[in-house]
Structures are given as C-alpha cells and as structure tokens.
Amino acid sequence: MDINIRYAVEADCERLLELIHELALYEKAPQEVTVTLEEFVTAGFGANPVWKAFVAERDGKILGFALFYIRYSTWKGCRLYLEDFIVTEDERGKGIGKILFERVMQEAKDKGYNGMSWQVLDWNAPAINFYNKYQANLEAGWLNASFAKEQL
C-alpha cells in the first residue's frame, strides 16, 4: 500500500471539510456541521492555530485524516486530544486507519504528552472494535456537555 502520511497544510482544508461532512453523515448528524471553510482555515492556519492534522493520501488524493489538539487535564497534565478521525468510506478496511492512528499515537509519544484521548459513539461498533485492538480504555459514565454559540 502506497500511503503517505503528512501534516495537513492550508490547501488541504477544503478536502478535510468534505470528509468532516462525510463523518457527520455517518454519525447521523449532518446538520451539526456549521463551521465555514474560512473559520476552519483560520482555526488551523491563522494567527493562533488551535488544531493540527495528519492526512493519509495516495497519489495526491486525501483518503482520510486525524485532527487533534493539545488539552490540559488537571489530573493527568498535557494530553493529545483526537477530535476527528476518518477514512473515506471506499477506503475503509484497507489498513489506512491503522497507519493514520498509529501516526497520531507516535506524535503524542514524540511530544512527551501524558496520554491521548478521544470519543467514540457507543453504537459505532466498527470504531469500538478498532480501538479495542489497541486495548484502549473505553470509559463509561461520562456525559458530554456543551453550549451552542447562541447560549454563550
């Protein structure tokens, strides 16, 4: 398999946003993607970037990505937070996700972070099975909380 893993660059943002929409559709929440391309680009490549990503590509076409940022836990210290991780549907099951996920794990290791965390939907059996292969700790008992922009 001739897959190249590299850091995302600004020119990748349009394709990444396409994959974000694909992920939202898979997660049964396409209406929840409200970020604009401009906001996405600014957040990743503006004056104060808040995210980084690795892309998986073959022959110059981005097939998947893993977007992450650093979070601070008062209990654990600096940890890498994997926000989104997707391989386009036609390319799943070919080992691309494994290569991409392991690159993110290596990033956390290389930077000396105290761990890595992410979320997975409780009904997403393929993702849960994937993470179980790595003996990930899947926690129960936590509820997600958030505010919409209008609520702030």
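**View 1. Strands β2 and β3 form an antiparallel pair.** In this predicted model, strand β2 covers residues 52-58 and strand β3 covers residues 61-73, and the two are joined over 7 bridges. Two strands count as paired if DSSP finds at least two bridges between them. Strands (E, at least two residues) and helices (H or I, at least four residues) are DSSP runs, numbered from the N terminus. V55 stands opposite F65 in β3. The hairpin of β2 and β3 has 2 residues between the strands, and D59 takes a positive phi near 50° there. Residues are numbered from 1 along each chain as its sequence is written. Local features need pLDDT of at least 70 and side-chain atom pairs count only at pLDDT 80 or more, while totals for chains, interfaces and linings use all residues; side-chain values use heavy atoms, with hydrogens and water left out.

**View 2. Strand β3 also pairs with strand β4 in the antiparallel sense.** A hairpin of 3 residues joins the two strands. A66 stands opposite F85 in β4.

View 3. F85 is buried, with a relative accessible area of 19%; buried means under 20%, exposed over 50% and partly exposed in between (1.4 Å probe, protein chains only). E139 is 54 residues from F85 along the chain, and their C-alpha atoms are separated by 19 Å.

**View 4. T88 sits in the loop between β4 and α3 (96-110).** T88 is buried, with a relative accessible area of 13%. Not counting residues up to four places away in sequence, T88 touches R15, L19, E22 and L63. The side chains of T88 and E22 make a polar contact (2.9 Å). Such a contact is a pair of N or O atoms within 3.5 Å; within protein, one must be able to donate a hydrogen and the other to accept it, and residues adjacent in sequence count only if both atoms are side-chain atoms.

**View 5. Helices α1 and α2 pack against each other.** Helix α1 spans residues 13-26 and helix α2 spans residues 37-45. Their axes are 10 Å apart, at an angle of about 115°. C13, E14, L16, L17 and I20 in α1 meet L37, F40, V41 and F45 in α2.

Methods
Contact means heavy atoms within 4.5 Å. Axes are lines fitted to C-alpha atoms, for helices over the stretch in contact, and angles run from 0 to 180 degrees between N-to-C directions.
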